[in-house]
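Colleague: I would like to learn how to read a few features of a model like this one. Could you take me through them one at a time?

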Amino acid sequence: MAFDKMELRDIEVWDGNFAAAQALRQCQIDVVAAYPITPSTPIVEGYAKFLADGYVEGEFVMVESEHAAMSGCIGAAAAGGRVATATSSQGFALMVETLYQASGMRLPIVLNVVNRALAAPLNVNGDHSDMYLGRDSGWIQLDAYCPQDAYDLNFIAFKVSEDHEVRLPCMVHQDGFMTSHTAQGVKTLTDDQGYGFVGEYKPMNDMLDFEHPVTHGVQTEEDWHFEHKARQHNDLMTKVFPKIEAAFDAFEKLSGRKYNIVEKYDMDDADVSVVCMGTSVETAREVATEMRAKGIKAGVVGLRVIRPFPFMQIQEVLKDVKAIAVLDRSSPNGAPGMLFNEIAGCLFNTDTKALLSGYVYGLGGRDLTKKHLVDLFTELQANVDAGKILTPLQQFIGVRGPKLSFL
Amino acid sequence: MAKRGWDEFEIGAMLRSFDGVSNDIATTLQEDRNYSQSNSFVASVADWRIAKPVFNKDFCIDCQFCWIYCPDMSIIARDKKMIGVDMDHCKGCGICVEVCPTNPKSLLMFPEQADEEAELSQWPAKDKETK
Amino acid sequence: MSEMKKIKNLKEFSTSADRFEGANLLCPGCAHSIIVREVLNATNDDLVLSASTGCLEVCTAVYPYTSWDASWIHIGFENGSTAVAGAEAMYKALKNKGRLKQPDRNPKFVSFAGDGASYDIGFQWISGCMERGHNIMHVVLDNEVYANTGGQRSSSTPIGSSATTAPAGRVSYGEKRNKKDMVSIMASHHIPYAAQVAPNKWKDMVKKIQHGFSVDGPVFINAVSPCTTEWKFDPKDTMMITDLATDSLVFPLYEIIDGHELNITYRPKNVVPVEEYLAAQGRFKHLFKDEYKYLIKEWQERVDANWAYLNRREEARV
């Protein structure tokens, strides 16, 4: 190998972007095709610098748009090798066409999405609008809450995505700035441990196997399209979770860090629970602990896997909860909210009598404060005490002006 | 190809041109290739034709104009000789006849139902008007 | 560098084994297929191909059939060039890492796209590929119209052509703008090779394709592809129309090396009046009304001026 290994300390102080870049280096990506956009740019800058310094060997293709970035990734992945890139927000939106093409062709590309709001009005800060935009694209979506997760989940992403029984592209989400630009202690793997975990890329249906010419990206009309889409959905529904669980187990053995498809916090006897994603999970956990000191049995459910949606796992974890607040960090634009709807869908047809309410928060990087969450848990407990929801179903947290609520 | 169910095909709607290993395809003639059932070579567009080319080798000079300008890989050339038309893949466009330089032409279009032997037996004579 | 395939004459060329198959769904008489054959048969090396969405793509990979005997990919309308560029990047990466399954090969990376997918929607992607220096060839199947979607104008549609979105009518002669000079634009990326080709001049075309395969870096090829359906002529006349295109100098054949050295590669012995080229196609039929005959004169003047310009560029050697 014509590149050098990097000596890392057991714990490095990295932000989420650099953590992801280090993971890409250790996975020895063959091709990165990328285009800069705030706040994800440092990930691909990191790969470029590692390449320039001789710490990884591969091709860095600096293309002219995010659409071209994913197009190049698709071509490279179809050719047969390990491929990754990163984007955010508007760039993600420009990529959307190709996201469906990547997943439909069953190409194992890893896309780091540093979550950011969608214009208009233009905003560079973190919310989950772009992450929500990807939810029907046929990709696996993993969610990091902190730089450590952003590092670890990249290894998980390659391991699952490239598995020949899966062969589906995977996004690793982290919150713009809150995770991507916030330096924290990150426990590292050695280069050998990291690469050993993901292993050498195993090609499948690769265009560069000249002894087996392959046609990728065919047209299917009404006589075939449905079956191909059904196959993809089936594989998302049945094949991904067992592989993710196996990867989480193997990763725990390697690193001692345990990930779960649904991350429970104090949920065993919780009366009231918040369901949320991203950095908010960590804030909610802290507040839940404080609520317990006040006698409110609070818990937190964080989604680690957004797609495929952990329907059964959510049912299980929420089955005895009395009041649930679902937090959506994306403007629902005329609906109750994606996560609210998903959770409501999980609980319907079950025996739960839980009181379910939704909260829209944090758009464009607006802080979700501990006070917001204290008030929220208090509202949930009031609902439990009254035996009914005392507030509108959809409330906005932290927005200026008259109180905004619907439904 | 039979209409298979969702669980019966390769992921990603991927298609293979050949069965098994195929090497040196660029120098392997069609008859020696191991085409897969997904290769359009195994299909036919013969029913597109309303007129068909008939080849009269008596006048052919093997110039290969018909071979190079055929849009449907339907002029069968072997060892630098024109040996016939692939009637499974010919769509009946008539380009081969237009580009044929012999006098009389070595390829002519006839209605699809025409009897080839009969047409060959009454092939037009040399046209003295054109050279 | 692999050995170049020897193609002395048409007889020798006819021993080629096509890697593009029949029973595709292209119209009878479609020139796309003739162009594809001349490109693919110009080499015996392995091929990695792409097609952007368009006639060629929708007619050659309709599940469960493929007409391609080499690895081929289609992603979308605009990004066929980048698909092949990505594959080429992976080839380089795996070659450097010693992970190619067949390391002794010299694959050629070729992207096919129509004029809509090249001059319009894929313009930025192709520009990016040319600028970045990928070792790929982009071939435009230039039929001057969005044929796959039924005949809408593109930025390659010439003045006076009737297209469905620029129709000739009671008060309009159809397309009002002259076509984009894509070869010059691409040559201005200072790529090693850009050329205009026509399938009727097969020897000129194959020579250019082989030159393109021999250089290191991006290659742009604009191939005139008369469209029986949208240009409105009899399918049997495809090559006759192509002859008119090259011999009227509406489609002059030339090459530009390293972005500056222009060579005219075909000088018709008898230059055909542009009027004959226009008259052979239904898309220009309305130009022969009295009120539009001035456009035919302007057409001839434009073609003459362009020919003079190409000659000046060739003489100047700049």
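**Reading loops, interfaces, cavities and sheets**

Modeller: Let us begin with Pro39(A), whose place is in the loop between strand 2 (31–34) and helix 2 (41–52) of chain A. Keep in mind that this is a predicted model.

Colleague: Which kind of peptide bond joins Thr38(A) and Pro39(A), cis or trans?

Modeller: The general idea is that most residues other than glycine have a negative phi, and most peptide bonds are trans. Here the bond between Thr38(A) and Pro39(A) is cis, with omega about 0°. Chain B has a cis bond from Asn103(B) to Pro104(B), where omega is near 0°; Pro104(B) sits in the loop between helix 2 (95–99) and strand 5 (107–111) of that chain.

Colleague: And what is the phi of Asn349(A)?

Modeller: Asn349(A) is not a glycine, yet its phi is positive, about 70°. You will find Asn349(A) in the loop between helix 12 (338–347) and strand 15 (355–360) of chain A.

Colleague: Now to interfaces. How much area do chain B and chain C bury between them?

Modeller: The size of an interface is often given as the accessible area lost when the parts come together. For chain B and chain C that comes to about 3,800 Å², with 60% of it on carbon and sulfur atoms. On the chain B side, Trp67(B), Tyr69(B) and Met73(B) lose the most area to chain C, together 18% of what that side buries. The contact involves 48 residues of chain B and 43 residues of chain C.

Colleague: How many salt bridges cross the interface of chain B and chain C?

Modeller: Two are found across it. Look also at Arg33(B) and Asp69(C), whose side chains form a salt bridge at 2.8 Å, N to O.

Colleague: What lines the largest cavity?

Modeller: Rolling a probe the size of a water molecule over the atoms shows where empty space is left. The count gives five cavities of 30 Å³ or more, and the largest has a volume of about 100 Å³. Its lining includes Trp67(B) and Met73(B) as well as Ser14(C) and Asp18(C). Strand 3 (residues 75–78) of chain B contributes the most, four residues. By type, the lining has seven nonpolar, three polar and two charged residues.

Colleague: Finally, what is the strand order in the open sheet of ten strands?

Modeller: Read across, the order is 1(B)-9(A)-2(C)-1(C)-3(C)-4(C)-8(C)-7(C)-9(C)-10(C), and the pairing is mixed. Strand 1 (15–16) of chain B and strand 10 (261–264) of chain C are the edges, each pairing on one side only. Inside chain C, strand 1 (residues 47–51) and strand 3 (residues 108–114) run parallel over five bridges, and Ala51(C) stands opposite Phe112(C) of strand 3.

Methods:
Residues numbered from 1 in each chain as written. Chains lettered and ligands numbered in written order. Predicted model: local features only at pLDDT ≥ 70, side-chain atom pairs only at ≥ 80, totals over all residues. Heavy atoms only, no water. 1 Å grid on protein atoms, 1.4 Å probe; cavity = no way out; pocket = protein on both sides within 12 Å on 5 of 7 lines; lining within 4 Å. Points joined across faces, edges and corners; volume = space filled by probe spheres on them. Helix = DSSP H or I, 4+ residues; strand = E, 2+ residues; numbered from the N terminus. Nonpolar A, V, L, I, M, F, W, Y, C, P; charged D, E, K, R; others polar. Pairing = 2+ DSSP bridges. Contact = heavy atoms within 4.5 Å. Buried area = accessible area lost by both parts, 1.4 Å probe. Salt bridge = Lys/Arg side-chain N within 4 Å of Asp/Glu carboxyl O.
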